[in-house]
Amino acid sequence: MPQPHRSPGSRPPRPPRNAPRRGPHRRRDRPRWGVRVATTLSVVVLGSGAIGHALMTGLDTGIDRVDPFRDMKNRPEAGHGMNVLLVGTDGRDKITQEEKQKYRLGGAPCHCTDTLMLVHISENRERASIVSLPRDSYAEVPAHTDQNTGERHEAHPVKLNAAYAEGGPHLTVRTVEHMTKVKIDHYLEVDFTSFMKTVDAVGGVKICTVRPMNDSYTGLSLPAGSHQLTGGQALQYVRSRHIDGASDLGRMQRQQRFLAALISRVTGTGVMLNPVKFRQVSATLLGSVRADRGFGTQEMFTLGQAMRGFTPASSEFTSVPVVDVSHPVKGIGSTVKWDEPKATKLFSALRDDRPLAPYRPKRQRAAPVDVAPQQIRVHVENGTAIDGLGGRVDKALKATGFNTTGSPGNAASRDVRRTVVSYDPRWNRSAQSLAVALPGAELRAVKGQGPTLRVTAGTDFKGVTPVRAEDPYQGEFGVVTGDQVVCP
């Protein structure tokens, strides 16, 4: 028996009182790691209303300005809420030679995008929906004129990240709007330097993993467990794509987890309420950002006032649904082909300002495990003289998702002090996951026991720790909320 584990609205929205004026400018996509920084801008910098307008004055003077919306016509109709295109660029020419060697950033800078994300901030400013756009997505750039040479180009197919190399922010925004039918309101672009310095400015970011993570390409080497990542380590983490067979798609999920952890770090450590710390973090980030000309102090302050209560649970993450991760295209190579019907529904939800994640009642934060508890069969026995202990353990395990037998019995010995989890070695990963729910329990291998794990409750039993599978993505669009993926 195999081991049971998983190896547009027609009218523009009415802006709230004192809301920032919508300009003709929009942002564009950027790389995964850049997205995390950009979204932090949307959550941290935009959350500056908790401190005051005076502190924001002058912060935007360090932003390098671009005009990605110049002469754009036939654009999608405005929906509800605000849409930001976040783009991460290479920028390795701005870091030291020592950092290049340490974090495996050899070679010349490519001046290209590595990750692109579309961030939707709800009209009531209570929710952020972040959609990852695979960089190798099959795309068709619209007909355009090169803004430097004046040469005319007809519409033609490319990989999505090639739009930046061919026509910069302007063509990237046009291409994303063409593909998604979502009107972009602002454009943000961040490079390696800004990302690393921002993570260090907030004191590092904590991430958790249930498996060792090693990538010789980026130099990432993390054992299973929790880790406080520095800026350089964080860059390795969000760039790694050779950890497993999921490649870029797996990397997008790791990047989303990191972004949720970064939001948790910023909102949970008083950064937004500490004027000195806030200005330090904001200045660090904005010093390496490129943005459209319509994104300034007033926009940051007004949004910040509305988003003071923003938390990881307020954010939801997903990727564009795909049907083929290796779709061959002559002259381009292997591309990622979107699932058009599902993608259309996803972007329609963004235009209509609807949540992407399915409704779920609030639950206690759960520890990540390798195997989903629903896939683990458990029989409980009472190893003590405490009446009803077996039933309480069975009920608690069932409440966190384990597939218990529901008929606890009594163990042969009634003087067990330390709770024991006995298991067939073939179901080792399931046993390790169950042990997370029973802190301090002894793991005891029993050959030939079969797929059902046996728990012998001891007098040391204090309760069950809620757990969740490492991959909590759910619902029609495979969405996860930030509070589901940050460390417990």
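## Helix α11

In helix α11 (residues 389-399), the buried residues are Leu389, Gly390, Val393, Asp394 and Leu397; buried denotes under 20% relative accessible area, exposed over 50%, and partly exposed in between, with a 1.4 Å probe and protein chains only. Because these residues cover an arc of only 135° around the axis, they lie on the same side of α11; the arc is that of the directions from the helix axis to the C-beta atoms. On the other side of α11, Lys395, Lys398 and Ala399 are exposed.

The buried residues of α11 pack against β19 (377-382), β20 (403-404), α12 and β24 (453-457). Glycine 401, with a positive phi near 115°, follows α11. Helices (H or I, at least four residues) and strands (E, at least two) are DSSP runs numbered from the N terminus.

## Basis of the model

The model is predicted: local features need pLDDT of at least 70 and side-chain atom pairs count only at pLDDT 80 or more, whereas totals for chains, interfaces and linings use all residues. Residues are numbered from 1 along each chain as its sequence is written, and side-chain values use heavy atoms, with hydrogens and water left out.

## Sheet and flanking helices

An open sheet of mixed pairing is formed by 8 strands in the order β1-β14-β9-β2-β3-β4-β15-β26. Its edge strands, β1 (64-66) and β26 (480-481), each pair on one side only; two strands pair if DSSP finds at least two bridges between them. β2 and β3 pair in the antiparallel sense over 8 bridges, and methionine 82 stands opposite isoleucine 121 in β3.

Helix α4 lies across β2, β3, β4, β9 (186-190) and β14 (289-292), at about 145° to β9. Helix α10 lies across β3, β4 and β15 (315-319), at about 150° to β4. Axes are lines fitted to C-alpha atoms, for helices over the stretch in contact, and angles run from 0 to 180 degrees between N-to-C directions.

## Nonpolar cores

The largest nonpolar core has 33 residues, and those with the most contacts inside it are Val131, Leu133, Phe347 and Leu356. Such a core is a set of buried Ala, Val, Leu, Ile, Met, Phe, Trp, Tyr and Cys residues joined through side-chain atoms within 4.5 Å. α4 gives the most to this core, with 6 residues. Apart from it lies another core, of 24 residues, among them Val393, Phe402, Ala441 and Val464.

## Aspartate 424

Aspartate 424 is located in the loop between β22 (420-423) and α12 (428-437) and is buried, with a relative accessible area of 3%. Its side chain reaches the backbone nitrogen of glycine 448 at 3.2 Å.

Terms used. Polar contact = N/O pair within 3.5 Å; in protein donor to acceptor, adjacent residues only side chain to side chain. Contact = heavy atoms within 4.5 Å.
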